[in-house]
Structures are given as C-alpha cells and as structure tokens.
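Please consult the sequence and structure shown below while reading.

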Amino acid sequence: MNADADARALEDEFFMREAIYQAQAAACLGEVPVGAIVVCEKAIVGRGFNSPIGDQDPSAHAEIVALRDAARRLGNYRLPGCELFVTLEPCAMCAGALLHARIARVIYGARDPKGGAHGSVLDLFAEEKLNHHTRVVGGVLADACGRLLSDFFAERRAGGEKTGDPQEDKKAGEDV
Ligand SMILES: [Zn+2]
C-alpha cells in the first residue's frame, strides 16, 4: 500500500469508530446495533443509529437516519461528495436511498448475509442501468462491527428478551 492508501485506510477506521459509537447507542436502547455517519470534507455532518422500534418506523435504519440528519444540516436533499460510514452492509432500501442522495462513497464494516445489498444477497451498487454510481468499500473494522451484533443477540438469547420484530426474534435464536 502506498502512503495515500495507508492514510485513507486510517481515516476510514477513524470514522468507522464514530459509526460504532452510534451502534452502541442503539444497543443501549434495545435496538439492533447498527450505526452510521455522513462525512463531508472530513467533517461529520450527519449521525444516525438503527431505531425502527423506538420510532415505530420500519425505514429508521441507521443510514436513513444519518442521511436525513446530514440533508437537513446541509440544506440539500442531495449529498454529492459526501461519504457514508455504516457498521453493517446496507440493505436494499438503504442502498436505494444512498444512490438517491448521490453519496460518493459508502464504507461499511460487517457483511450482512441475510440482507446485504452489496453482494451478500444482491448487488444494487453494481447495477449498470442505475444512473448514479457509488464507490463501496466493505470490511472496515468488520470484526468490531460484527461483534456488536453477535454480542447483542447473545445477550437477548440469554435474557429471553424479544425485539418485537418476529424476523429479528427469529434471527436472535440463531447464530449471527
Ligand atoms: Zn437498511
């Protein structure tokens, strides 16, 4: 790796840690721990964590919450030149929103074999017919990001708690 690539990788890890803090906030509220931040010119302009239960909103994934936060702050419904960091591979809904927002680069941590839209289940980012293309980097601090989820579901199993979401409860009974 050259010096530029090294610096970029370190910067990606720095911002991914910020996304991990967001995921930890979700876990504290009993939500599946996924966190996201939006970065513009090396400054954090949006933050979000997964909160569909608390917000009674099926679209309240970390990425959507962070995109809304950034769009409000920047006063623009599009976020060209911005980067989004998220602890888990985006789902199809979030991949669509990231493309609509014209996000330049998406950096994620752990893969999501059950819902990932960057190749795990399908690959929306590779769809040639879509008119916007986003660069995607996966696997940044993947172990730490994945551990948040496995610890969360292990605790749920131990406590016999339910998330209120039949799919998540089913998942909670399996290894993540
Ligand atoms: Zn999503």
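Predicted model: local features only at pLDDT ≥ 70, side-chain atom pairs only at ≥ 80, totals over all residues.

**Helices α1 and α4**

Two packed helices are described by the angle between their axes and the distance between the axes. For helix α1 (residues 3–28) and helix α4 (residues 142–159), the angle is about 5° and the axes lie 10 Å apart. Because angles under 35 degrees count as roughly parallel, α1 is roughly parallel to α4. On the α1 side, the contact is formed by I20, A23 and A27; α4 contributes A144, C145, L148 and F152. Seven nonpolar residues make up this contact, with no polar and no charged residues.

**Helix α2**

Helix α2 covers residues 62–74. Its length is summarised here.

| Item for α2 | Value |
|---|---|
| Number of residues in α2 | 13 residues |
| Span of α2, first C-alpha to last | 18 Å |
| Span of α2 expected at 1.5 Å a residue | 18 Å |

The span of α2 is thus close to the expected value. Buried residues in α2 are A62, E63, I64, V65, A66, L67 and A70. These buried residues pack against helices α1 and α3 (92–100), and against strands β1 (35–40), β2 (43–49) and β3 (83–88). After α2 comes G75, which has a positive phi, near 65°.

**Strands β3 and β4**

Strand β3, against which α2 packs, runs parallel to β4 and is joined to β4 by five bridges. In one of the pairings, L84 has V106 of β4 as its bridge partner. Strand β4 (residues 105–110) is mostly covered, with five of its six residues buried.

Terms used. Residues numbered from 1 in each chain as written. Axes fitted to C-alpha atoms, helices over the stretch in contact; angles between N-to-C directions. Helix = DSSP H or I, 4+ residues; strand = E, 2+ residues; numbered from the N terminus. Parallel < 35°, antiparallel > 145°, perpendicular 65-115°, else oblique. Contact = placed C-beta atoms within 7 Å. Nonpolar A, V, L, I, M, F, W, Y, C, P; charged D, E, K, R; others polar. Expected span 1.5 Å × (residues − 1). Buried ≥ 20, exposed ≤ 12 C-beta atoms within 10 Å, placed from the backbone. Pairing = 2+ DSSP bridges.
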